[in-house]
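Student: Could you help me look at a pocket and the strands around it?
Tutor: Gladly, let us take it step by step.

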Amino acid sequence: MQRPTDAVVIGAGFYGLRIALHLRESLGFNSVVVFEKEDAAMDRASYVNQARVHGGYHYPRSILTAYRSQVNFPVFVREFGDAVVDDFEHYYAIARTLSKVNARQFELFCARVGAFLEPAESEVAELFNPLAVEAVYHVTEPAFDSRVLRRVLLDRIEVAGGIEVRYGDRVESIEQAGETDIDVHAQSGTRRAHAVVSATYSELNPLHRRSGIPTVPLQHEITEMALVELPDELRKTAVTVMDGPFFSVMPFPSRGLHTLSHVRYTPHHRWRDDELPRELDPHEVLASLPAVSRYQAMRADLLRFLPGFVGMEQKDSIWEVKTVLPKSASDDSRPILFRPDHGLRNYTCIMGGKLDNIYDVLQELTILYG
Ligand SMILES: Cc1cc2nc3c(=O)[nH]c(=O)nc-3n(C[C@H](O)[C@H](O)[C@H](O)COP(=O)(O)OP(=O)(O)OC[C@H]3O[C@@H](n4cnc5c(N)ncnc54)[C@H](O)[C@@H]3O)c2cc1C
């Protein structure tokens with residue numbers, strides 16, 4: 001066997017790449033190997049998401065998540081400014097019925113977490129159906145281009161040196177080797193490492209199962225992001241209607257389109273790993289299901305609120321598994337999962353619910369290895 005490598009990161013999504021850089025640049029690991037089962041980096045959740053750099057507005061039922069977004073958001077914008085897209089106006093509207101938050105509560109919540117908010121200009125408010133919407137606000141919340149983000153990260157990895165990213169190389173299992181090292185059994189063979197970090201997002205449990213270590217409670221959703229083109233006069237507009245079974249239209253810069261997602265129609269299937277007699281492999285579930293779009297239902301609901309969007313056209317839909325901690329299902333919070341020494345000495349499994357959670361993860365890794 002080769003000499004042990006300092007660290008192995010499993011998964012080359014946004015988390016895996018950024019963690020590899022942190023281990024190498026900030027925590028003194030000289031050799032880091034990243035294993036990625038797909039043929040390219042950031043092709044799974046880190047691509048098929050809504051491309052929103054969360055400013056906290058989404059989480060009126062979880063002050064802590066909203067507050068962490070307010071703290072992490074400017075750090076993300078500073079670090080990945082090249083990938084941040086903010087040349088559009090974003091409006092949050094509060095629905096009159098079924099919303100879990102009313103206008104007054106939303107204003108108080110934004111004031112509490114320090115999130116910028118102002119009443120929308122009257123010509124924008126007129127886009128909304130006043131019978132369906134209580135209030136419309138102008139907010140500051142950008143998008144990101146995941147392809148630019150990938151390029152920035154891979155360029156930095158090349159400059160840093162000492163990080164090998166291995167594509168098309170799935171990690172089958174991991175096992176303790178001696179007191180502290182870990183053997184990482186990948187398709188290409190086995191590597192021994194002093195530290196292993198798994199950043200496999202929805203695929204944490206299949207790896208744990210194959211390795212005979214405890215699984216973690218996770219909830220998965222097969223999600224559809226409809227990609228739409230807006231009429232010219234609306235191209236620089238994004239809208240989120242809060243906070244019940246509502247919807248969001250956000251720029252998706254890597255395709256030059258917008259995503260449309262709807263809390264009722266975007267999740268096609270939902271399950272919790274620990275509620276089934278046999279845990280399912282989320283990517284296998286996704287691959288086995290027919291991709292039958294629910295765009296028409298999303299559109300019909302959106303037009304009840306925003307009749308002016310009638311010219312919107314579907315161009316495509318993209319699909320991925322969205323994974324959250326079970327607690328998040330009831331309050332929409334997005335805490336991170338960070339478990340050092342999970343089942344094996346020096347094995348850490350992590351899962352972040354949104355991109356800017358990464359800074360909470362890096363902080364925990366610094367405490368662990370700094
Ligand atoms: C539909 C949807 C919408 C979202 N919207 C937003 C949003 O608007 N804003 C936001 O901040 N966040 C959003 N998120 C969450 C965000 O996308 C994730 O928090 C983030 O992408 C997680 O990054 P990751 O690197 O952990 O996961 P991924 O990008 O999924 O990377 C994990 C990688 O691990 C690889 N892998 C898995 N198992 C193995 C193995 N055994 N061996 C080798 N490689 C393996 C996978 O192939 C994958 O490339 C959304 C997520 C989804 C799915």
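Tutor: Strands (E, at least two residues) are DSSP runs numbered from the N terminus, and two strands pair if DSSP finds at least two bridges between them. This is a predicted model, where local features need pLDDT of at least 70, side-chain atom pairs count only at pLDDT 80 or more, and totals for chains, interfaces and linings use all residues. Residues are numbered from 1 along each chain as its sequence is written, and side-chain values use heavy atoms, with hydrogens and water left out.

Student: Which residue takes a positive phi in the hairpin of E14 and E15?
Tutor: E14 and E15 are antiparallel partners, with 6 bridges. The hairpin has 4 residues between the strands, and the one with a positive phi, near 65°, is Gly-256.

Student: Which residue stands opposite Ser-248 in E14?
Tutor: Strand E13 (residues 237-242) runs antiparallel to E14, joined by 2 bridges. These two strands also form a hairpin, with 4 residues between them. Facing Ser-248 is Thr-240.

Student: Is E14 mostly covered or mostly open?
Tutor: Buried means under 20% relative accessible area (1.4 Å probe, protein chains only). By that test, 6 of the 6 residues of E14 are buried, making the strand mostly covered.

Student: Which strands each supply at least two residues of the lining of the second largest pocket?
Tutor: Lining residues have an atom within 4 Å of a pocket point. There are 13 of them here, and Gly-256 is among those nearest the centre. The strands are E14 (247-252) and E15 (257-262).

Technical notes. 1 Å grid on protein atoms, 1.4 Å probe; cavity = no way out; pocket = protein on both sides within 12 Å on 5 of 7 lines; lining within 4 Å. Buried < 20%, exposed > 50% of the residue type's maximum accessible area, 1.4 Å probe, protein only.
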